[in-house]
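Please keep the sequence and the structure in view while reading.

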Amino acid sequence: MIPFALRLAVSGGREALARLATITAAVAIGVGLLLSTFSSVNAIDKVNARQAWMNTGAQAATTTANDGADKLWWEARMDYYDGKNLFQVEAAPTGPAAPVPPGLAKLPAPGEYYASPALQKLMGSVPAAQLAERFPGHLAGTIGDVALPSPDSLSIVIGGTVDEVRALPEAVAVSSITTTKPQDCEHACFGAGVNGDAMVLILTVVAGALFFPVLIFIGTATRLSAAAREQRFAAMRLVGATPGQISVVAAVESTVAAGVGTAAGFLLYLALRPLVADVPFTGQRFYLDDLGVGALQAVAVALGVPLAAALSARLALRRVVISPLGVSRRVTPKPPRAWRLIPLAAGLGELGWLVGHHPSTTNGQSLGFLSGFVLVMLGLVIAGPWLTMATARLVARRTSRPASLIAMRRLADDPKAGFRSVAGLVLALFVTAATVGIIGTINSERGASLSGDQMVRKSVVDASMTGWGDGSDSGSSAGTIPSVSADVVAKARAVPGFQGLALVHENPAGLGAVAHGARRLVPALVSCSDLAQVPVVGTCEPGAAVAAVDRYQFVDLQSGAGKVWPSVPISAEEVDRLPVRALYATTDGSTPAMERLRTLFSRTYPTHEARMADDWASAGQQRLQGWRQLANVVLLTTLPIAGCSLAVSVVAGLSDRRRPFAMLRLTGAPLQLLRRVVGLESAVPLLVVSAISIGAGFASAAMFLKSQMKYDLASPGAVYYGLTAFGIVASLGIIASTLPLLRRITGPEAARNG
């Protein structure tokens, strides 16, 4: 029976071959996207493993037991260059058996350093005063790929003596190198994208969101020429074929195409790997080798997709299997019932329940949100026919035009067929609304303070190395700079692009402190002559010599110009004798100016940290860029697939209904009337269910954001509305482009042979 089924599958001429080619293409796209998503999730795990060593010394990450063993003095910090993270380690062994980080042949000796390939390239492309002069010594080797999360990673391991490294503020002695990610990575971890749990969750939801429109496309493709195949199979039943034989024939047709499509999908995945590797989901590119699919995942896809195609074919032809006269007896199908709204309501209800009952684990979150989003999408597909029927009946009662009456009556009689043609686009609009809602809100919440014309362009040396704290102490001088030499100030002023410099002093007497609940917030002290050089911080009161400035203003990403800081009863000479908490310099915003100042301060005060306003924003900007890239991938994938599904569905519907339309033309119905009927049959369910789908997408996004991130849904903006309008107009254009086929397929021969 199988050889006969294979022969039958290609014996229908160009129409049969076109159907098989369409099924193959749909399956290939679905498999390629699914494997790409799997590989991205797997790559995040590999990235975590590659950079686990960077968390050596973090709390609960490193073993410090076995006091008799040789240890490694270790101090890790995050430096920056032009908005890029630069991971820096200073290390010194206490003996020959001290642990060696991965990617290094041996530990660098004092005066040596190992650098990543990207950092070496960067150091060779910019003046030494901007970067290379920060690192004492000379290049001794290259950090291997095994220790780098990305080919773009900027990392350096600097060798020093035990006394030099031990004197650094954050230095610790470790007896092993960390090989796993600490549990509390939100605050204790180094490296961009170490904590990929959020991205794994998003990618898991996106996988379902991407694959659903593809499934609709595959299902639509399998129904091409469904009416002709049903009649052929019914004829086979009438001449003695058993239900089992019909099932085998139908399954072989779909399985062969799905099998070829699955193989093509694996090839498509291999072709997409370089493109996926360049998408900075975690803020940086992936290594190509990290994008891989597990054996179990590959087997599940290779066997599951053809099996699903065979099952789809079996369900699509169930009328023929039940009775050989099932096709001949063209009766009005039973109307869909209101229970079809239950899955949609259940999906929205599950997401709403998660708002108040947030899962504590990443696996629980992935399961909860993925099942919720999938249930909503499934609910839209299930509820679509009922919504189509309800709308058609409502319009039919309020119209008297022939085309509208015919179209609405046909939709009301068979709403499943009417909705089927637009189901893919409806899901694409849901995915678009949910994706834009989620990622747009993340960008709005996390990006508002990371960009804008008012961002302060500054270079800051925080002398405490631990930041400004909460400002509630009395101004201890521990970790401060006793004094700043005139030579350092002169070198800073000599940097092209330099604009101003202020010395930010400690406030041991607590002058100008304010009560904040149970705490006293102690401001920093700045002489008014210095404050006048950095107007982005604010100004002094008229006639004042020293101002009390809120410590947080020095790390604020927004300009403080226009703020007037209160004066304090201390002279400028007395302030100059106080320890310096930070050097605060402003520039013209050019990269050479900022990086030369950073290098100058880093070299002059190696135990302190040189930071810029952009540095606080850089990691966030990288993550936001990853979200934007992901949104683009979703939008540029789902909408074209939905358009293809719509075109195939409309053409398939015209082909299946060629005989009824031919009979109408023979009875005198003008061709223009039939075109309006076809257009209305597709446009009405498209517009009505799309509106509900978009609303469900935003509602789902709002509940996800509230549960997962405590954000309120932000308005998507004009770009989204323009994109949605373009998608709907393009869909109507696709429908219109198929209407010329009516003239060719509704001739007199169709009435005889249809």
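## Strands, helices and cores

In this protein, strand E8 (residues 498-505) and strand E15 (residues 580-587) form an antiparallel pair over seven bridges. The model discussed here is predicted. Seven of the eight residues of E8 are buried, so the rest of the structure largely encloses this strand.

Helix H16 (residues 486-493) contains the buried residues Val488, Val489 and Ala492. These residues lie on the same side of H16 because they cover an arc of only 100 degrees around its axis.

E5 takes part in pairings with strand E2 and with strand E3. Within E5, Val157 stands opposite Val89 and is also the bridge partner of Tyr114.

| Strands | Sense | Bridges |
|---|---|---|
| E8 and E15 (residues 580-587) | antiparallel | seven bridges |
| E2 (residues 84-93) and E5 | parallel | six bridges |
| E3 (residues 112-115) and E5 | antiparallel | three bridges |

Attention now turns to the nonpolar cores. Which residues have the most contacts inside the largest nonpolar core? They are Leu351, Phe373, Met408, Phe430, Ile438 and Leu742, and the core has 61 residues. At least two residues of this core come from each of several helices, including H11 (342-356), H12 (362-397), H20 (613-656) and H22 (671-708). H22 supplies the largest share, 15 residues. Apart from this core lies another one of 21 residues, among them Ala76, Met78, Ala98 and Leu104.

Leu742 also illustrates how one residue can meet several others. Leaving aside residues up to four places away in sequence, Leu742 touches Leu654, Phe661, Arg665, Leu671, Leu674, Arg675 and Val678.

The structure holds one disulfide. This link joins Cys528 to Cys540, with an S to S distance of 2.1 Å. Cys528 lies in helix H17 (residues 528-531) and Cys540 in strand E12 (residues 539-540), so the pair ties together parts that are 12 residues apart in sequence. The link of Cys528 and Cys540 is left-handed, with -105 degrees about the S-S bond. Are these two cysteines, Cys528 and Cys540, buried or exposed? Both are buried.

Some totals complete the description. The secondary structure of the protein comprises 25 helices and 16 strands. Of its 754 residues, 52% are buried. Among contacts in the protein with a separation of 6 or more, 80% are between residues 24 or more positions apart. The protein exposes about 32,000 Å², of which carbon and sulfur atoms supply 61%.

Key:
Residues numbered from 1 in each chain as written. Predicted model: local features only at pLDDT ≥ 70, side-chain atom pairs only at ≥ 80, totals over all residues. Heavy atoms only, no water. Disulfide = S-S within 2.5 Å. Helix = DSSP H or I, 4+ residues; strand = E, 2+ residues; numbered from the N terminus. Buried < 20%, exposed > 50% of the residue type's maximum accessible area, 1.4 Å probe, protein only. Core = buried A, V, L, I, M, F, W, Y, C linked by side-chain atoms within 4.5 Å. Contact = heavy atoms within 4.5 Å. Pairing = 2+ DSSP bridges. Areas by Shrake-Rupley, 256 points an atom, 1.4 Å probe, with all protein chains shown as cover. Arc of directions from axis to C-beta.
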